[in-house]
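Let's take a walk through this one together. Have a look at the picture first, and then we'll go through it piece by piece.

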Amino acid sequence: MTDKYTDLTIHSAHELLKAKKLSSVELTRYYLDRIGKIDQAVRAVVTVTGDLALRQAEKADKLIAGGKDGPLTGVPVLIKDNMCIDGIRTTCSSKMLENFIPPYNATVVEKLNNAGAVIVGKANMDEFAMGSSTENSAFFTTHNPWDLSRVPGGSSGGSAAGVAACEAVYALGSDTGGSIRQPAGFCSVTGLKPTYGRVSRYGLVAFASSLDQIGPLTKDVLDSALVMNVISGQDPKDSTSVPETVPDFTKGLNGDLKGMKIGIPKEYFVEGMQPEVDAAVKEAIRKLEELGAKVEWGVSLPHTRHALAVYYIIAPSEASANLARYDGSKYGFSYQDTNNMWEGMEKTKQLGFGPEVKRRIMLGTYALSSGYYDAYYLKAQKVRTLIRREFNQAFEKYDALVTPTSPTIPFKIGEKADNPLQMYLSDICTLPVNIAGIPAISIPAGFAKNLPIGMQVIGKPFAEETIFKISYAYQQVTDWHKKTPKL
Amino acid sequence: MKLSREEVVHIAALARMSMSEAEIEKAREQLAVILENFEILKEVDTTNVPPTAQSINLQSVMREDIPGESLPAEKVLANAPDREGDLFKLRPVLE
């Protein structure tokens, strides 16, 4: 296998395509071929969409020949398998949707199509996006390209591993409590969770509707901005998408951080955090200082310690309502061996969902049930208010907050599989961001024992431009994001 | 502390989800451990704090009701576990 195109970014691929040094069909064949060889080891892809990709590549080549192309035209992308593509199996890595063929496109897919994108496959994930390692996929576990015995993170583990292993130039993922950022950190790629409402959720299989958001996983910050230019914006099909102007996200990327005020919340450098992660992130923060940012250490966000409980009450509660639709009547797995309606429904869920999904349905149902609603769900919603306020107050003083993405380097496959609470803790630094609905990005910030470490930059609502500016500047003076795993 | 068997069975019934004996036993323990962790919220004073259900400030988003094209019935029904003509076929609700 040649490594000919493994260093390609969206912007460098676009240049090659524009200069006619390469056609999109050639590039697409290269990536399909690479998936065929590499993915036996990495296992990032649930469904390879070769026919679709080649059709799209031919169309892209025509767009380029006619000068009607944009930055994403003709460039191969992986889509997390919880976003609907018309006529292409969309499984959510669940037995429940193993044979589900969506009759329509998600809005993000529609937007990518209009931009001339080439979709090479559907990426593996934790079932219904519930998990932090892809071990909850009903089909197989994705392996971390930096060490195949370790997890790639999750739930967008297939998207992150696929980009790191160069099975596509970029990917889309979704993030409910860290599901883009944590795997981006574990696989050394750039992963953005936009502000809630920035990107339409239409056609994204719902997990926790007040927290879910789609975003890009890319090789660098410029690529992330290019994807956001295409997928952002209000959508009449998603009433929670906001009528906020979409700027050109590439505009402010100039490497200059003078006048930028950055706060470092001490609660994110938690007990039990690996010292290598602590050291790497602090080193990265000092780089930001060198670039001209004014850094204030020791900022305090005391409600951070309540975020895990708030999240694991609110997300499962919303999930238990969202997943009630999988009753075996209209689509998806359906238990047929009975004439009793209730038994059919109950067995459909028992046999169609995996253990973690069932655990969260139970948790959510419990938190919403009569007698516990006030103590759990309502209480969590009130503390959610306090967490939001705390962030708002911090953002009166700082343009951004910087933290580790995860307290550890990627863990071994199987290490936390039977301990749900330990698994939940790997999202401790990313959960508060979803609770508050604000944007955050994870960028590569170093390695320990040849395993990636991610740094998270958190911004004000709709200030993706600020966190792009900071992380772009960092990538101008570091080359962590340019390293690729040997496969 | 484990949850009682009755409690787990009650929650599963509310969720309309069957569970095997082994699943019930595991849930009694695992749910209890997670719920115990939620106790931390008791230390937070939330007197006069309003709940947050979502993080954007949009409310009651309305649009014109303009008829458009619907999805083709054949495409939608292609995923149906059972059908009769252009209808989903379900088990009897009332017997």
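**Strands, helices and charged pairs**

In chain A, strand β4 (residues 170-175) and strand β6 (residues 213-218) run antiparallel to each other, paired over five bridges. To find one of those spots, look for Gly173(A): its bridge partner in β6(A) is Gly215(A). Keep in mind as you look around that this is a predicted model.

Now zoom out to the whole sheet. It's an open one with 11 strands and mixed pairing, and in chain A the order goes β1-β3-β2-β4-β6-β5-β10-β11-β9-β7-β8. Which strands stand at the edges? They are β1 (45-48) and β8 (294-299) of chain A, and each has a single partner strand, so one side of each is left without a neighbour in the sheet.

Over at β1, you'll meet another helix. Helix α3 (residues 50-65) of chain A lies across β1 and β3 (118-123) of chain A, and runs at about 155° to β3(A).

Next, the charged side chains. Side chains of opposite charge can pair when their charged atoms come close. Over all chains, a search of the whole structure turns up 24 salt bridges. One of them joins the side chains of Asp256(A) and Lys258(A), at 3.8 Å from N to O. Asp256(A) counts as partly exposed, at 35% relative accessibility, while Lys258(A), at 66%, counts as exposed. Also in chain A, a network of salt bridges links Glu356(A), Arg359(A) and Arg360(A).

Hop over to chain B for another pair. Here the side chains of Arg28(B) and Glu25(B) meet in a salt bridge, 3.2 Å from N to O. How far apart are these two in helix α2 (residues 21-38) of chain B? They're three residues apart, so about one helical turn separates them. Is Arg28(B) buried or exposed? With a relative accessible area of 18%, Arg28(B) is buried, because buried means under 20%. Glu25(B), with 32%, is partly exposed.

One last stop in chain B: Glu74(B) forms a salt bridge with Arg83(B), and their closest N and O atoms are 3.0 Å apart. Arg83(B) counts as partly exposed, at 30% relative accessibility.

Conventions
Residues numbered from 1 in each chain as written. Chains lettered and ligands numbered in written order. Predicted model: local features only at pLDDT ≥ 70, side-chain atom pairs only at ≥ 80, totals over all residues. Heavy atoms only, no water. Pairing = 2+ DSSP bridges. Helix = DSSP H or I, 4+ residues; strand = E, 2+ residues; numbered from the N terminus. Contact = heavy atoms within 4.5 Å. Axes fitted to C-alpha atoms, helices over the stretch in contact; angles between N-to-C directions. Salt bridge = Lys/Arg side-chain N within 4 Å of Asp/Glu carboxyl O. Buried < 20%, exposed > 50% of the residue type's maximum accessible area, 1.4 Å probe, protein only.
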